[in-house]
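Subject: Structure handover

Hello,

Here is the structure for your files.

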Amino acid sequence: MTTDTRQTFPTRVDIPADAREALVELLNARLADAFDLYSQLKQAHWNVKGSDFIQLHALYDTVAADVIDHVDMIAERATALGGLALGTARLAAAATSLDEYPLDAVVGHDTIVVVADRLAMFGNAVRAGIDASAELGDQDTADLFTEVSRAIDKHLWFVEAHLQG
């Protein structure tokens, strides 16, 4: 059984239907990225090696726990707008804009570089979503993306601190 991924449902949200369709598409793009980011953080968490193991293992798990909360927020906003949240692992893998996690990145420093890169990619895409949402007349989605952006930037700061000094 296949479902039309552009399926919509009735809603009394007063954003025009064409804008809601574009917003749901935008939200689903970031949903795919967020779900992929979560899985990549868990990959780093499970496999990190080296003298900073425990610190990085814990850091990546903390960031992943926050990212999975963002996955839920993004998906729920798509459905609140009358859309269908496209949140399976297969759909996310097919739609993500993030680079794949290199399986040979296991040494602490290598994982830091990869995780920082993925956080930055996601953060940049989310920031673009803030402006796009506002242009489509949806301050609520822009606000959601602002909240996500602020959290991702903080996590990026924590990760990048390991590369500085």
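Leaving aside neighbours within four places in sequence, Val 24 is in contact with Ala 78, Leu 81, Gly 83 and Leu 84, where contact means heavy atoms within 4.5 Å. The C-alpha atoms of Val 24 and Leu 84 are separated by 7.6 Å, although the two residues are 60 residues apart along the chain. Val 24 is placed in helix 1; helices are DSSP runs (H or I, at least four residues), numbered from the N terminus. Val 24 counts as buried at 9% relative accessibility, buried being under 20% relative accessible area with a 1.4 Å probe and protein chains only.

A note on provenance: this is a predicted model, in which local features need pLDDT of at least 70 and side-chain atom pairs count only at pLDDT 80 or more, while totals for chains, interfaces and linings use all residues. Residues are numbered from 1 along each chain as its sequence is written, and side-chain values use heavy atoms, with hydrogens and water left out.

Helix 1 and helix 2

Helix 1 and helix 2 pack at an angle of about 160°, with their axes 8 Å apart. Axes are lines fitted to C-alpha atoms, for helices over the stretch in contact, and angles run from 0 to 180 degrees between N-to-C directions. The two helices are therefore roughly antiparallel to each other; that term covers angles over 145 degrees, while under 35 counts as roughly parallel, 65 to 115 as roughly perpendicular and the rest as oblique. The crossing of helix 1 and helix 2 is left-handed, meaning that the near helix is turned anticlockwise from the far one by less than a right angle.

The residues in the contact of helix 1 with helix 2 divide into 18 nonpolar, 2 polar and 4 charged. In this count Ala, Val, Leu, Ile, Met, Phe, Trp, Tyr, Cys and Pro are nonpolar, Asp, Glu, Lys and Arg are charged, and the others, Gly among them, are polar. On the helix 1 side the residues include Val 24, Leu 31, Phe 35 and Tyr 38, and on the helix 2 side they include His 57, Tyr 60, Val 71 and Ile 74.

Leu 31, also in helix 1, is buried, with a relative accessible area of 2%. Leu 31 touches Val 71, Ile 74, Ala 75, Ala 85, Leu 86 and Gly 87, not counting residues up to four places away in sequence. Leu 31 and Leu 86 are 55 residues apart in sequence and 7.5 Å apart in space, C-alpha to C-alpha.

Ile 74 lies in helix 2 and counts as buried at 0% relative accessibility. With residues up to four places away in sequence not counted, Ile 74 touches Leu 27, Arg 30, Leu 31, Ala 34 and Leu 144.

Helix 1 (residues 17–47) and helix 5 (residues 139–160) pack at an angle of about 20°, with axes 12 Å apart. That makes helix 1 roughly parallel to helix 5. Leu 23, Leu 26, Leu 27, Arg 30 and Leu 37 in helix 1 meet Thr 141, Phe 145 and Ile 152 in helix 5. By class, this contact has 6 nonpolar, 1 polar and 1 charged residues.

Helix 2 and helix 5 pack at about 170°, with their axes 11 Å apart, which makes helix 2 roughly antiparallel to helix 5. The contact of helix 2 with helix 5 has 11 nonpolar, 3 polar and 4 charged residues.

His 70 is found in helix 2 and is buried, with a relative accessible area of 4%. His 70 touches Val 148, Ala 151 and Ile 152, again not counting residues up to four places away in sequence.

The core

The largest nonpolar core has 41 residues, of which Leu 37, Tyr 60, Leu 119 and Phe 122 touch the most other members. Such a core is a set of buried Ala, Val, Leu, Ile, Met, Phe, Trp, Tyr and Cys residues joined through side-chain atoms within 4.5 Å. Helix 1, helix 2 (53–80), helix 4 (108–135) and helix 5 each supply at least two residues of this core. Phe 122 touches Arg 30, Asp 33, Ala 34, Leu 37, Leu 98, Val 148 and Ile 152, not counting residues up to four places away in sequence.

Regards

Note on methods:
Buried means under 20% relative accessible area, exposed over 50%, partly exposed in between (1.4 Å probe, protein chains only).
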